[in-house]
Amino acid sequence: MERLAHIDALRGGAAVLLMVQSVLVPSPEESWLMQHAVDVGLLACLWFLLGCGFIVPASLHARTDDGRGFVVRRLLRLLPVYLLAVLLTAIVLPAAPAWLPGVTMHSTGVAFEVIGGYGALPPLLLFYGLCLALHALGLLHSVSLRAGCALLLLAAALLLALLHQLLDVAVPVTLPLVLSLMFFASIWHEAQHESSSYARRRAREYARYTLRVYLLVIPVVFIAGWSATETAWPRELISYALAIASFLLFSSRLPLRAPLLVWLGSLSYSLYLLLPAMQGLSARLTEALDLTSPAATVAGAVFGLLLALGSALLCRHLLELPLAHAGRRLTGQHDLLPLIRLHGR
């Protein structure tokens, strides 16, 4: 399956947002917009996850095997960089959960915000597992089933939000919500790229219906999920709404094509995993030099960003590309296949 340049560019845009956050968050001059209106880190993670939902089911269904080739290629491409990030995180950030590296948000008072607390990896891995299970059952091709999965997971998020409100217990409300959005993104892929005009129209009908349900239910999830003493939910709700709207726009009517964003998108996985460790290393160097001024803090963040970009580039050329090529050889995929579309039923 060939790469879609506009989705790589969207990942590149997410990488830019993460880099902006990594530089501005340590600064006391962080803008009011980032503090109260939009969480750029959360927006970036949602772009990553929606891009994954857009691509992975189509890529998996395009294979003629039972999913083993997909698993082999994904493991060879993703696992070595992940293990390297785990090692670096354990060395540089011993207090962090090194077993789950990656960028996390800086939100407070949000007990169930899974993406905020642990980053994008848990929803991503769960989505892989769900897609593989549906593929093994021969159901992944069904656009109606994926729409049903999206709505069922949305209902689960609503129930968990009400449970949090009534019993004041920490529950992962945003986990089923994000998984729901990823299944929606797979429907949106079919609405844009299906070769059959009938299948495209049908997928668009499912997408419109699901969007209407989101418009009604997601605000209730956020209002019910946050207690009266927590004030972060308007910012989080705005971030989710902006992520969905911008993803729909950038994956259809206004596709991003900038070469720099496409290049950053190719580095986005390594950059996402390695950025915290490189920022931590830069902070240690700043402390060792006894630099405590605000300007030194920002300079240290910029230096950490450069370290992260350099290490991501090395990982891309020394690990990801060679192992991706090895995975294609192992699974008999010597060349990139043409983009095979899902067929809605």
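Predicted model: local features only at pLDDT ≥ 70, side-chain atom pairs only at ≥ 80, totals over all residues.
The overall picture is a helical one: the protein has 12 helices and 0 strands. Read from the N terminus on, its elements run α-α-α-α-α-α-α-α-α-α-α-α. Of the 345 residues in the protein, 53% are buried.

Side chains of opposite charge can pair when their charged atoms come close. In this model, the count comes to 4 salt bridges. One of them joins Arg77 to Glu320, with the closest N and O atoms 3.9 Å apart. This pair links distant parts of the chain, since Arg77 sits in helix H4 (residues 68–92) and Glu320 in helix H12 (residues 294–330), 243 residues apart. Glu320 is buried, with a relative accessible area of 1%.

Glu320 also has a partner in its own helix. Arg316 forms a salt bridge with Glu320, and here the closest N and O atoms are 3.8 Å apart. Because Arg316 and Glu320 are 4 residues apart in helix H12, about one helical turn separates them. Arg316 counts as buried too, at 14% relative accessibility. Taken together, Arg77, Arg316 and Glu320 are linked in a network of salt bridges.

Another salt bridge brings together the side chains of Arg146 and Glu190, at 2.7 Å from N to O. Arg146 belongs to helix H7 (residues 143–167) and Glu190 to helix H8 (residues 174–193), so this pair ties together parts that are 44 residues apart in sequence. Both partners are shielded by the protein: Arg146 is buried, with a relative accessible area of 0%, and Glu190 counts as buried at 1% relative accessibility.

Arg208 is partly exposed, with a relative accessible area of 45%.

Finally, the cysteines deserve a look. A search of the whole structure finds 0 disulfides. For Cys52, the closest cysteine sulfur is that of Cys131, and the distance of 7.4 Å is too far for a bond. Cys149 is likewise in no disulfide, as the nearest cysteine sulfur, again that of Cys131, is 8.8 Å away. Cys52 is itself buried, with a relative accessible area of 6%.

Notes: Residues numbered from 1 in each chain as written. Heavy atoms only, no water. Disulfide = S-S within 2.5 Å. Buried < 20%, exposed > 50% of the residue type's maximum accessible area, 1.4 Å probe, protein only. Helix = DSSP H or I, 4+ residues; strand = E, 2+ residues; numbered from the N terminus.
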